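Please read them with the structure open beside you.

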Amino acid sequence: MNSTKIISDNMTLDEKLAAIDAAMQAAQQQADEDAQQNGSIAAPIDPADLTMCEGCQ
């Protein structure tokens with residue numbers, strides 16, 4: 001997830017938090033849709049996963 005596409009320096013803290021919440025909700029919704037297409041159930045996305053590189057996970 002690219003943070004520069006979600007938030008900018010011109011935003012207030014509340015706007016930044018709302019944008020992050022919206023991005024997380026969209027990511028969860030996409031994961032749920034992908035899981036339904038595969039016939040499975042998606043687990044909730046852990047926000048901490050977005051702060052680590054894939055090699056560290």
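1. Buried is used here for residues under 20% relative accessible area, exposed for those over 50%, and partly exposed for those in between, with a 1.4 Å probe and protein chains only as cover. On that scale, the buried residues of helix α1 are A19, A23, M24, Q28 and A35, and buried residues make up 9% of the 57 residues in the chain.

2. The model is predicted, and for that reason local features need pLDDT of at least 70 and side-chain atom pairs count only at pLDDT 80 or more, while totals for chains, interfaces and linings use all residues. Residues are numbered from 1 along each chain as its sequence is written, and side-chain values use heavy atoms, with hydrogens and water left out.

3. As to secondary structure, the chain has one helix and zero strands, where helices (H or I, at least four residues) and strands (E, at least two) are DSSP runs numbered from the N terminus. Helix α1 covers residues 13-38, 26 residues in total, and its first and last C-alpha atoms are 38 Å apart, close to the 38 Å expected at 1.5 Å a residue; the expected span is 1.5 Å times one less than the number of residues. The residue that follows α1 is G39, with a positive phi near 80 degrees.

4. On overall dimensions, the chain has a radius of gyration of 13 Å, whereas a compact globule of 57 residues would have one near 10 Å; the radius is taken over C-alpha atoms, and the globule rule is 2.2 Å times the number of residues to the power 0.38. The C-alpha trace spans about 40 × 25 × 15 Å along its principal axes.

5. The chain exposes about 4700 Å², of which carbon and sulfur atoms supply 52%, with accessible areas from the Shrake-Rupley method and a 1.4 Å probe. L13, L17 and I20 make a nonpolar surface patch of about 280 Å².

6. Why does Q28 count as buried? Q28, which is found in helix α1, counts as buried because its relative accessible area is 18%. Leaving aside neighbours within four places in sequence, Q28 is in contact (heavy atoms within 4.5 Å) with A42, A43, P44 and I45.

7. L17 also has its place in helix α1, and L17 is classed as partly exposed because its relative accessible area is 43%. Between L17 and I45, which are 28 residues apart in sequence, the C-alpha to C-alpha distance is 17 Å.

8. Two residues in the segment after α1 deserve a check as well. D46 lies in that segment and is partly exposed, with a relative accessible area of 40%; D46 and N2 are 44 residues apart in sequence and 16 Å apart in space, C-alpha to C-alpha. C53 lies in the segment after α1 too and is partly exposed at 44% relative accessible area, and the C-alpha atoms of C53 and Q28, 25 residues apart along the chain, are separated by 19 Å.

Methods
Patches are made of residues with over 30% relative accessible area and no salt bridge: like charges are joined within 9 Å, nonpolar side chains (Val, Leu, Ile, Met, Phe, Trp, Tyr) within 5 Å. A salt bridge is a side-chain nitrogen of Lys or Arg within 4 Å of a carboxyl oxygen of Asp or Glu.
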